[in-house]
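Please read them with the structure open.

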Amino acid sequence: MIQAPDLPGWAALIVALLVLSGAVVTLVGSLGLLRLRTFYERVHAPTLGSTLGMALIVAASIVCFSVLRGRLSVHEIVIALFLTSTAPVAFMLLARSALYRDRAGGRLSLPWDKEDEGGEVSGKD
C-alpha cells in the first residue's frame, strides 16, 4: 500500500478554512434561489454563489496539492476557467429564453416594464 504524505497543520487549517468558506458561499447562493421571488431575480444568486464558492474551493485545492508535491500546482486553474465561463453563460441563456417566452406570451411582468417612482414607464422604445 502506498503511503500518502501528511499535510502540515498550517496548510490543513488554510485548506479547511477555504473549503468551508467556499461551501458556505455556495450554500448562500443556493438559498438565494429559494428566497427570491421571480425567475429574473433567481438567476443572479446561484451564479454568484457557485462562481465564488468554486474559486475558494479551487484555491484550497491549489494550496493542498502545492504543499503535498512541493511545487506550485496550477492545473486546477483550468477547472476554474471552465466553471467560471460555463455557469454564468448557462444562466444568461436561461434568462434570455425566459425573456423570449415572456415576450411571446404577452406577459407584462418584465423587469423594466414596471412603473418607476415618478409614474413614468421606463425602458419603452
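1. **Basis.** This is a predicted model: local features need pLDDT of at least 70, side-chain atom pairs count only at pLDDT 80 or more, and totals for chains, interfaces and linings use all residues. Residues are numbered from 1 along each chain as its sequence is written, and side-chain values use heavy atoms, with hydrogens and water left out.

2. **Fold.** The protein has four helices and zero strands. The order from the N terminus is α-α-α-α. Helices (H or I, at least four residues) and strands (E, at least two) are DSSP runs, numbered from the N terminus.

3. **Burial and surface.** Of the 125 residues, 22% count as buried. Buried means under 20% relative accessible area, exposed over 50%, and partly exposed in between (1.4 Å probe, protein chains only). The accessible surface is about 9,200 Å². Carbon and sulfur atoms hold 68% of that surface. The areas come from the Shrake-Rupley method with a 1.4 Å probe.

4. **Contacts along the chain.** Take contacts between residues at least 6 apart in sequence: 58% of these join residues at least 24 apart. Contact means heavy atoms within 4.5 Å.

5. **H1 against H3.** Helix H1 (residues 9–35) packs on helix H3 (residues 44–69) at about 165°, with the axes 7 Å apart. H1 is therefore roughly antiparallel to H3, a label for angles over 145 degrees. Axes are lines fitted to C-alpha atoms, for helices over the stretch in contact, and angles run from 0 to 180 degrees between N-to-C directions. This contact has 20 nonpolar, seven polar and no charged residues. Asp, Glu, Lys and Arg count as charged.

6. **H3 against H4.** The axes of H3 and helix H4 (residues 76–104) come within 10 Å and cross at roughly 175°. That makes H3 roughly antiparallel to H4. On the H3 side, the contact residues include Met-54, Val-58, Ile-62 and Phe-65. On the H4 side, they include Ile-77, Leu-83 and Phe-91. By class, the residues are 11 nonpolar, five polar and one charged.

7. **Ser-66.** Is Ser-66 buried or exposed? Ser-66 is buried, with a relative accessible area of 15%. Ser-66 lies in H3. Not counting residues up to four places away in sequence, Ser-66 touches Arg-71, Leu-72 and Ser-73.

8. **His-44.** His-44 is also in H3. His-44 is exposed, with a relative accessible area of 52%.

Key
Angles under 35 degrees count as roughly parallel, over 145 as roughly antiparallel, 65 to 115 as roughly perpendicular and the rest as oblique.
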